[in-house]
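Here's a quick briefing to read with the model open beside you.

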Amino acid sequence: MTSDNNGLARKITADSLVQLEYAKVVDLVVGKTQTPYGRALAAALVPFGERPRIEEALQEAQEAGLLLEEDGPLPLGSGIDLLLHLERLQTEGLSLAPDVLRDVQAALEAAAACRQQLLKSEIAPRLQAFAQRLVALPELAAEIRSSIGPRAEILDSASFELADLRDSLKGERSRVKRQLEGLLQDDRLQGVFQENLITDRNGRYVLPVRADHSGRLKGFVHDISASGQTLYIEPAAALESNNRVQTLVHKIAREEERILARLTAAVRKVRQKLSDNQAILARLDLRQAIARLTAELDGVVPELADEPSLALREARHPLLVAASHTRPGASVVVPIDLRLPAECHSLIISGPNTGGKTVALKTAGLLVLMVRAGLPVPCAPGSRLFPFAPVMADIGDEQSIEQSLSTFSGHLLRLRNILERADSETLVLMDELGTGTDPGEGSALALAAVDCLRKSGARVMATTHLHVVKGYAQLEAQVENAAVEFDAESLQPTYRLHYGIPGASHAFTIARRIGLPDNVLAAAEDYLGLGEREGVAIIERLQSLRAKLDEELLNVQRLRASAEEDRRHAHQERRDVDARRQGILEEARQRGIDMLAVAEEKLQALFREVPAGSVPSRQRAALTGTLRELHDLLPESLPQGPQQVAAEVAVTEILYVPALGIEAEVTRIEGDRLELLAGGKKLKQARSALRQFQPRRFAEQHRPAPRIRDRVERRAFLPRLVLVGKRVEEAQDLLERFLDEALLHGEMQLEIVHGAGQGILRNAIRQCLAGRRDVVQFQAAPAEQGGDNITVVELRH
């Protein structure tokens, strides 16, 4: 790419960042940082161009969120940026000020604390790698701590010499003050002093003497008051003591300079390590700030698609979400589904003004930019997007009086730049496509531009009011219409998108709501013409029908989910009832056995006590026979199913599934795994997990009922369940469902990720596992696979 093209690319990218208000999202991140160097790194945050860097940043943000939730914020401190001071250390002989040394100590302590917290955690391996690179330097931190106090004062403990000098200075000053106090109390000098106090001039102790009595006290004048009435005199008797004080003061200053030079030399030796530490702490601060913002926006990390496409479920504009948290009375943010499948190259959004068309464009573009910058985005889990680069937008008014550009000319200039730069990884966002000029010519230019962009492989999302453009989207392959919903009853937009149909502009409806005179509206309808009115009416009717269909579909989905939940509860209740019934019967049977055993023991004791021959043999036999009959009358244990492992198996054979306590019919044999049918549900089991009836049983042959094919596919089962952050009740419910699905899919080895925290969730999960008969064993995962944060489960075959 030439330098001109590079410059054009940078201009388009920068212009698009402004139009999509990316800087405001950066400001939100900056506001969540804790340190000045973290703020500087956040302020410089730009979208990455390389996919590995995007994936790395998203994973770090995800780990930071887990860490913030499990262990709380990192102890980053709030020290100053040390880089400028560290650069100055390249000059030999320069010493750092005590307050800067205190900041160095604080930075070292923050690095040590972050390192310790991260190395203890087992849920953030990428952030742990940063912790391992942090250098604590505890000896240097301790030396500064023992030398510099909390108010940046040099402590006596900085050196023995300093402590001795300060003690000597304290004693010498006390000696001078006693001499001067003696003069103040001398009766021979009454009336000489202006005030009865000792003061200081130029570091030497002096007495305030009245000018008209200065001759009565021998000494040296150091100062005169503004009025000239007072002379500040150092008495000759205190001269030697004051000299000793000054000597000690100079010695102390030299010793303090030596201490600062010593500490500075120690810092100079490790300045690169301190610089590296600050860079790591800045990155950790940035990731933690992103985690805080993610929690506020209820954001998630979407899946990165391999092909250019968008599938953002319940997407919300991040600036609107942030405003709803900070601005009293802000409107509720309505989520929208943004879809641009891989087979669809262009999406044309139409509908009324103020209906949310432009917000939909900005949301799509801004979320792509956020993901490329390593920021989770406010949408529902399961969303996915391609990291389009660049994202190019033509949104807003480009009118410029200085450059003699009209609004339409400004749009054309942007369009020209976009057409020159767009390629197969570009996302183009164009607002009000084809407007600003004659509708016919504007439509023609718009369609030609979309055709050109499609040929380049770029993906296009555009808004329009022009029927020609809507018709183009309805007729062309790889181009789809979407309509912004409008509630005809309340005459208000709902901000939801309906795909597959064009949207009506509702210009007359909005004009009527605003209060335009009826005669003006009637004249406008006449000017519009019958055919045009009928076309608008058809579009409005289609949009209304689509909205009703979508609402009915949503109700059906809710009913289906409710029915599934009722079925699950009913199944669980049946299992609970069966378990209680079996327990009651077994308890009653065991009680009967115990009672008969006691009765038999008592009867035998009576036989032993009575004299031999006193009880006829016939009666003795009758009594023991009665006990045996009572034993026979006791109910047998409930059947546990056959115990013989299935060896030779045939299709239509009935086998017993011990793990589920059910019988199932064999429908297919695939080596050592069998496909079974039980209660209309298909499941797969290992041959060793099944038991065979003796004699063998087979299903009755019957003509299969007609099957109705649908498009619902069973999702792939993953033998790993993540419960981090769930409440105990919710986690137990998910665990029960997970174990049942595992048995249905024949998965015997499972992993349950619950994190460490305070151990409440982990203990609840393991208690639940201990109560299930189909669990053979469970234990913590090996240390290299997660340790006590993960429980490994083995199910019974």
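Let's begin with Asp394, which sits in strand E10 (residues 391-394). Helices (H or I, at least four residues) and strands (E, at least two) are DSSP runs, numbered from the N terminus. Keep in mind that this is a predicted model, where local features need pLDDT of at least 70, side-chain atom pairs count only at pLDDT 80 or more, and totals for chains, interfaces and linings use all residues. Residues are numbered from 1 along each chain as its sequence is written, and side-chain values use heavy atoms, with hydrogens and water left out.

**Two residues and their surroundings**

- Asp394 counts as buried, at 6% relative accessibility (buried means under 20% relative accessible area, exposed over 50%, partly exposed in between, with a 1.4 Å probe and protein chains only).
- Setting aside neighbours within four places in sequence, Asp394 is in contact (heavy atoms within 4.5 Å) with Gln19, His411, Arg414, Ile418, Leu429, Met430 and Asp431.
- Asp394 and Leu20 are 374 residues apart in sequence, yet their C-alpha atoms are 9.7 Å apart in space.
- Glu161, in helix H9 (residues 160-184), is partly exposed, with a relative accessible area of 42%.
- From Glu161 to Lys251 it's 90 residues in sequence and 9.7 Å in space, C-alpha to C-alpha.

**H4 against H7**

- The axes of helix H4 (residues 51-71) and helix H7 (residues 125-133) come within 8 Å and cross at roughly 90° (axes are lines fitted to C-alpha atoms, for helices over the stretch in contact, and angles run from 0 to 180 degrees between N-to-C directions).
- That makes H4 and H7 roughly perpendicular to each other (angles under 35 degrees count as roughly parallel, over 145 as roughly antiparallel, 65 to 115 as roughly perpendicular and the rest as oblique).
- On the H4 side the contact uses Glu56, Gln59, Glu60, Glu63, Ala64 and Leu67, and H7 brings Pro125, Arg126, Leu127 and Phe130.

**H2 against H12**

- Helix H2 (residues 22-30) and helix H12 (residues 318-326) have axes that come within 10 Å and cross at roughly 45°, so H2 and H12 are oblique to each other.
- Lys24, Val25 and Leu28 in H2 meet Pro318, Leu319 and Ala322 in H12.

**H11 and what follows**

- Helix H11 (residues 271-297) has 27 residues and should span 39 Å at 1.5 Å a residue, which agrees with its end C-alpha atoms being 39 Å apart (the expected span is 1.5 Å times one less than the number of residues).
- Just after H11, Asp298 takes a positive phi of about 55°.
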